[in-house]
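Hi,

Here is the structure I promised to pass on. Have a look at it first, and then read on for what turned up when I went through it.

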Amino acid sequence: MADRIKLQVARYRPEQESEVTYDEFEVPCPKDWVVLDGLNHVKDRMDGTLAYRWSCRMGICGSCGMMVNGEPKLTCATFLSEYAPGPIRVEPLRNFPVIRDLIVDIGDFMRKLVTVKPWIVRDEERPLSAGEYRQTPQEMDEYKPYSMCINCMLCYSACPIYGLDPKFLGPAAIALAQRYNLDNRDQGSGERMEVLSEHEGIWGCTFVGECTKVCPKHVDPAGSIQRYKLTAALESMKSFFVPRGA
Amino acid sequence: MSHPVNHGHVYTDYHPRWLRRRVSTYWWLEKPAYFAFILRELTCLPVAWFAIYLLLLIKALVDGPAAYAQFMAWSASPWMILVNVVSFVLLVFHAITFFVAAPQALVVHLGRTKVPGQLVLLGHYAAWIAASAAVVWLLVRA
């Protein structure tokens, strides 16, 4: 196996250029190095101006998502040796505006996320003296996969619908709404439905399914959206046949 | 949810000029999975075609033996056979990709246990075979 590998890193320096250019760096390629290690090597030893986000380097913080050879990946979980003999093209996450080099603006997702109220909503909080909200393992299993989301936004990068229509609420926000809708302690599904059942909500999704394939945490956002379509359709039928207040 | 994007602005420290990349019209050619998706969506056209074909057949039946004979002659023309064979292949592709997607969308509970996705998929195939068998039985009986 080659002991070095070429990285083609996308650069965008707004004060200098108006398009993406590529810089090539040759970095060591031991078998335990991930793409992020390669980028850190570039930043420490070769070009300190390279800008990118990272934090935990263990697939929890969700900051280091980038396009690696055209696929959205967590660079801390993508080994350089998988791409030997290279070169490896590293680009900023697709479908987001680029701020600098490999850093994208994630404001759109953050604003959308709060609209689905990703927290437990209660009509009335129980007093502390009434004890905890109890839950069986089966009840927990209902939403557990969706709770694994780390907001890395790889799914938004893989979603052509989000690329074409940035108003689309998007995979992770809907999966996180479902995480709370399916939690038996939550009573906020009615409030969430107003946002989710809009045209830009679940109905924007055409089930390309790529969000689920790229998710590093096996959340299955595509499945959660299709499930919710069924729920929303049944609810609207119910409200048609059973008038409000009846 | 509008973006505070300042497009044509000159770059300063406090006015970053973000780069927005446009999605290509040919995005669906970029990945095999995207292409398979577009193909799946397009195969709804053969579904519509067979619905129209069935309506035309019923109309011919209603209009009497002469119209029916004319319809059969039209259906036997080589290009109609070609259209129907191609449509049928695409229809089968549509059905299979639909079934493959079904377990992801349909989560079934029996009592407290979740039915495994494979069983949901098998259920779809079983229903398909049963419906086809019913049609064959009707045709053979006649």
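Strand β1 (residues 4-11) of chain A pairs with strand β2 (residues 21-28) of chain A in the antiparallel sense, over eight bridges. Within that pairing, A:Leu7 has A:Phe25 of β2(A) as its bridge partner. β1(A) also pairs with strand β5 (residues 88-91) of chain A, here in the parallel sense and over three bridges. In β5(A), the residue opposite A:Gln8 is A:Arg89. Please keep in mind throughout that this is a predicted model.

The side chains of β1(A) alternate along the strand. A:Ile5, A:Leu7, A:Val9 and A:Arg11 point to one face and are buried.

Now to the nonpolar core. The largest one has 63 residues, and A:Val90, A:Cys155 and A:Ile174 have the most contacts inside it. Helix α6 (residues 171-181) of chain A is the element that gives the most to this core, with seven residues. As general background, nonpolar side chains in soluble globular proteins tend to be buried together.

Is A:Pro221 buried or exposed? A:Pro221 is buried, because 28 other C-beta atoms lie within 10 Å, and 20 or more is the cut-off for that label. Not counting residues up to four places away in sequence, A:Pro221 touches A:Cys155, A:Pro171, A:Ala172, A:Ile174, A:Ala175, A:Cys211, A:Thr212 and A:Cys215. From A:Pro221 to A:Arg53 the C-alpha to C-alpha distance is 24 Å, and the two are 168 residues apart in sequence.

Back to the two domains of chain A. Their C-alpha centres lie 30 Å apart. The contact between them takes 13 residues from domain 1 and 13 residues from domain 2. On the side of domain 1 that touches domain 2, β3 (65-68) and β4 (71-74) of chain A each supply at least two residues. β4(A) gives the most to that side, with three residues. By class, that side of domain 1 has seven nonpolar, four polar and two charged residues.

For chain A as a whole, there are nine helices and seven strands. The C-alpha trace of chain A spans about 70 × 40 × 30 Å along its principal axes. Of the 246 residues in chain A, 41% are buried. Among contacts in chain A between residues at least 6 apart in sequence, 67% join residues at least 24 apart.

Last, the contact between the chains. It takes 26 residues from chain A and 20 residues from chain B. α1 (32-42) and α4 (78-105) of chain B are the elements that give two or more residues to the side of chain B touching chain A. α1(B) gives the most to that side, with four residues. The side of chain B that touches chain A has 14 nonpolar, two polar and four charged residues.

Best wishes

Key:
Residues numbered from 1 in each chain as written. Chains lettered and ligands numbered in written order. Predicted model: local features only at pLDDT ≥ 70, side-chain atom pairs only at ≥ 80, totals over all residues. Contact = placed C-beta atoms within 7 Å. Nonpolar A, V, L, I, M, F, W, Y, C, P; charged D, E, K, R; others polar. Domains from an automatic or database assignment. Core = buried A, V, L, I, M, F, W, Y, C linked by C-beta atoms within 7 Å. Buried ≥ 20, exposed ≤ 12 C-beta atoms within 10 Å, placed from the backbone. Pairing = 2+ DSSP bridges.
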